[in-house]
Amino acid sequence: MAAHTLRMFLLIVHLPLVGGLAVDTILGDRVQFPETGQCSERGATLQHTLTGGNSQPVARLEDVWKPAAGYKDRMSPNESVVLNRSNINDQGLYRLTCGSEERLIHLNVITSSEKSVPEGQAAGFTFHYFTAGELGRYRVKRNTQLVFELDLSSGSTSQGSGFENRTSVAPHWRSDGDLTLTLQGVKPEDRGDYFLYVLKDRKRGHLQAVRMRVSPALNTPEERNLEQITCTPQPPCKKTPWFTIAIIAALVLVALGVVCVQSICRSNVSSGGGRSPTEEESQPITDPRVPEENGHASLA
Ligand SMILES: *[C@@H]1O[C@H](CO)[C@@H](O)[C@H](O)[C@H]1NC(C)=O
Ligand SMILES: *[C@@H]1O[C@H](CO)[C@@H](O)[C@H](O)[C@H]1NC(C)=O
Ligand SMILES: *[C@@H]1O[C@H](CO)[C@@H](O)[C@H](O)[C@H]1NC(C)=O
């Protein structure tokens, strides 16, 4: 319940940094510049402040926002400024001049890693931080929603709504700085962008992003053997499929039948004692079945 109160609804836009808005985007994603849609002053401009104090025009408001040269391939005229694909050079400070008003927007372009986790399985988000001296709050968010928070001084934790009893870090985090978060029982609605960072002096440090997809639940081990779902990663995956086993078994049976017929013929001729060869020959039937069992073990 306490976790509820910690929930935040600030969509992408978060804490003002240097007297402005901060916007997070994952590299390559589309970015909508906040407040550009609310401005209706003709001649309003959005400029990117470059290092050294120079400014580069991004867009200008006429009847709609029009992209400046250099942005035309990534931006269409629109009611708000939307950059279709962010790149790392888009990072930094933007100045929105709307009539007599000015707003600063800090765009943070974050590189992320991707992971795909089958529904029902556990997801691990790797994170290491120097926990021997510097302190602060370790926080994990999904999009803008709190997932997990750990106070590095007191060790107290809280979990976001919907993540109760599903998140944990290894108990030895204080001694080894391993703050890797485990999320148990992944659900389809857990998909999204996870941001992991340490909040200290109102600043985020060691920011890391992971884009998580949730794939369909793994089937039962029997079905997995049939469909070879676990062989998805790369082609060099050689598990004996069922039909191969069936063919081998059939061949063995045929061979057995031949041997059997021959031995029966022979025993007919040499009278009695015809059973033992059949028992010995029956051994190979069980052999092809061994890989199935191994299959189970290796899948676990
Ligand atoms: C930007 O994306 C929108 C929506 O997908 C698309 O309609 C538009 O043509 C794109 N503009 C440019 C310049 O790529
Ligand atoms: C125009 O802006 C809206 C958001 O205000 C966005 O959803 C839409 O995709 C944009 N269209 C283009 C063509 O960029
Ligand atoms: C989490 O675990 C506690 C203690 O076992 C339990 O009281 C609580 O209902 C659980 N919460 C959820 C959302 O499962």
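A disulfide is a pair of cysteine sulfur atoms within 2.5 Å, and by this rule the count comes to one disulfide. The structure is a predicted model, in which local features need pLDDT of at least 70 and side-chain atom pairs count only at pLDDT 80 or more, while totals for chains, interfaces and linings use all residues. Residues are numbered from 1 along each chain as its sequence is written, ligands are numbered from 1 in the order in which they are written, and side-chain values use heavy atoms, with hydrogens and water left out.

**The disulfide**

- Cys39 and Cys98 form the disulfide, with their sulfur atoms 2.1 Å apart.
- The torsion about the S-S bond of Cys39 and Cys98 is about 100 degrees, so the disulfide is right-handed.
- Cys39 and Cys98 are both buried, a term for under 20% relative accessible area (1.4 Å probe, protein chains only).

- Around ligand 1, counting residues with a heavy atom within 4 Å of it, stand Arg30, Lys72, Asp73, Met75, Ser76 and Asn84.
- This shell divides into one nonpolar, two polar and three charged residues, where Asp, Glu, Lys and Arg count as charged, Ala, Val, Leu, Ile, Met, Phe, Trp, Tyr, Cys and Pro as nonpolar, and the others, Gly among them, as polar.

- A polar side-chain atom of Arg30 lies 3.2 Å from an oxygen atom of ligand 1.
- An N or O atom in the side chain of Ser76 is 2.7 Å from a nitrogen atom of ligand 1, and one in the side chain of Asn84 is 2.5 Å from an oxygen atom of ligand 1.

Terms used:
A polar contact is a pair of N or O atoms within 3.5 Å; within protein, one must be able to donate a hydrogen and the other to accept it, and residues adjacent in sequence count only if both atoms are side-chain atoms. Buried means under 20% relative accessible area, exposed over 50%, partly exposed in between (1.4 Å probe, protein chains only).
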